[in-house]
Amino acid sequence: MKSFEPPRRVLMGPGPTEVHQRVLSAQAMPAVGHLDPAFLDLMEEIKQALRTIFRTPDHACVPLPAPGTSGMEAAVMNLVEPGDRVVVCTNGVFGGRLAEMARRAGGEVAVVDDQWGTPVDVEKVTAEIERAPTKVLAFVHAETSTGVRSDAAALCRAASDAGALSIVDCVTSLGGIEVDGAGWGADILYSGSQKCLSAPSGLSPIAISERAAKAIRERKTPPHSWLFDFGLLMSYWDGEGGRSYHHTAPINALYGFHEALVMLIEEGLDNAIARHANMHRALAAGMEAAGLSYLVPAANRLPQLNAIVIPDGIDDARIRNRLLRDWNLEIGGGLGDLKGKVWRIGLMGATASPWHVRFCMAALGQALNAEGFKVDEAAVAAALDEALGKPN
Ligand code: PLP
């Protein structure tokens, strides 16, 4: 066995995204104990930064010690008790995962299904919530499998108007588009470290409202998950007058996550969101000049996840292999019904940059030309110059 040396890739898929050297260096610092006073200070700063970026000043915010799926699992396992009615919106892969978890928690699940590539239909959801007493509404704000944004404000309102709690998947949205937990009245929001926050994968920030915390305290049965039991977790992350051991926190991962949050707050959340929007506009201009089109109409598109329709006669895998082999560039393929039909190009966190937009379009243009789909590379370069300004 030898030390592992990863190839140097440009990561422009649906996540993980690239990680800044400052974050990697932070992770390489010496470990301390998980109850060390210095570490407790770092934990407090992370909690405060999460309140800022979820825009939930009064929610309890912590990073869970596992990837985005753990936020989903924690939200569902804490709120759903056997027999509870749960309305779950599915318009892509991740809504389906939420529904399956709610079933496993013993919930009576009603699914509101929308076509992949379209947002969740708020009217259908409202009607389904009103059909019978509903405890929880769960939906995905930014569907990474299709590149679609749903109207989180309207969906959370539909839940709270009916006295239901809301779970909002913000794995792909947080840091890339506006997330306004308190403004929406969202009860639980969760995300992942490896997308627009641009940290390594393996952590899931979560925000829990007092209303949700009360519902958890009043459960008749303990949550089906021990690791993600909110009450137990908070004895480590909050513990008035002294914290106690619950699990050994991923110390060095949290150093890196802290640094990624420092960088985001230095840039300013609004500036980061504007950067994602601007880079998306530039990429879209390049795609149009290349003769490529988007799966999703402009009004519902996510800037950080660009689902591009694969032209007829072009083989998905051959292009992605060329990009990886010749350019060290990773983009994503389609999932489920969209397999072979779309490419998913991420502009997340560090990769929402002019360099990445130009690099991706240059690589894709050459790969497509080599495979017989004619791309006017000069027209693409001109469109990018127009959108981004001429490179120095
Ligand atoms: N929810 C959404 C919308 C996602 O895009 C993902 C991952 O891509 C997840 C949940 C699961 O996150 P993870 O893969 O970090 O467990």
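Hi everyone. Helices here are DSSP runs of H or I with at least four residues, strands are DSSP runs of E with at least two, and both are numbered from the N terminus. With that in hand, Arg55 sits in the loop between helix 2 (37-54) and strand 2 (60-64). Its phi is near 55 degrees, a positive value in a residue other than glycine.

Before I go on, two housekeeping points. This is a predicted model, where local features need pLDDT of at least 70 and side-chain atom pairs count only at pLDDT 80 or more, while totals for chains, interfaces and linings use all residues. Residue numbers start from 1 along each chain as its sequence is written.

Another loop to look at runs between strand 1 (10-11) and helix 1 (21-27), and Pro16 lies in it. Gly15 and Pro16 are joined by a cis peptide bond, with omega at about 5 degrees.

Now the overall layout. The domain assignment gives domain 1 (21-265) and domain 2 (269-388); such bounds come from an automatic or database assignment. Taken over C-alpha atoms, the two centres are separated by 29 Å. How many residues of domain 1 are in contact with domain 2? There are 22, and they meet 22 residues of domain 2, where contact means C-beta atoms, placed from the backbone, within 7 Å. The domain 1 side of that has 10 nonpolar, nine polar and three charged residues. For those classes, Ala, Val, Leu, Ile, Met, Phe, Trp, Tyr, Cys and Pro are nonpolar, Asp, Glu, Lys and Arg are charged, and the others, Gly among them, are polar.

On to two helix pairs. Axes are lines fitted to C-alpha atoms over the stretch in contact, and angles run from 0 to 180 degrees between N-to-C directions. Helix 5 (residues 122-131) and helix 6 (residues 152-161) pack at about 15 degrees, with axes 10 Å apart. That is why we call them roughly parallel: under 35 degrees is roughly parallel, over 145 roughly antiparallel, 65 to 115 roughly perpendicular, and the rest oblique. From helix 5 come Val122, Val125, Thr126 and Ile129, and from helix 6 Ala154, Leu155, Ala158 and Ala159. Seven of the contact residues are nonpolar, one is polar and none is charged.

Helix 13 (residues 354-370) and helix 14 (residues 377-388) cross at roughly 170 degrees, their axes coming within 10 Å, so this pair is roughly antiparallel. Helix 13 brings Pro354, Val357, Arg358, Met361 and Gly365 to meet Glu377, Val380, Leu384 and Leu388 of helix 14. That contact divides into six nonpolar, one polar and two charged residues.

Terms used:
Two residues are in contact if their C-beta atoms, placed from the backbone, lie within 7 Å.
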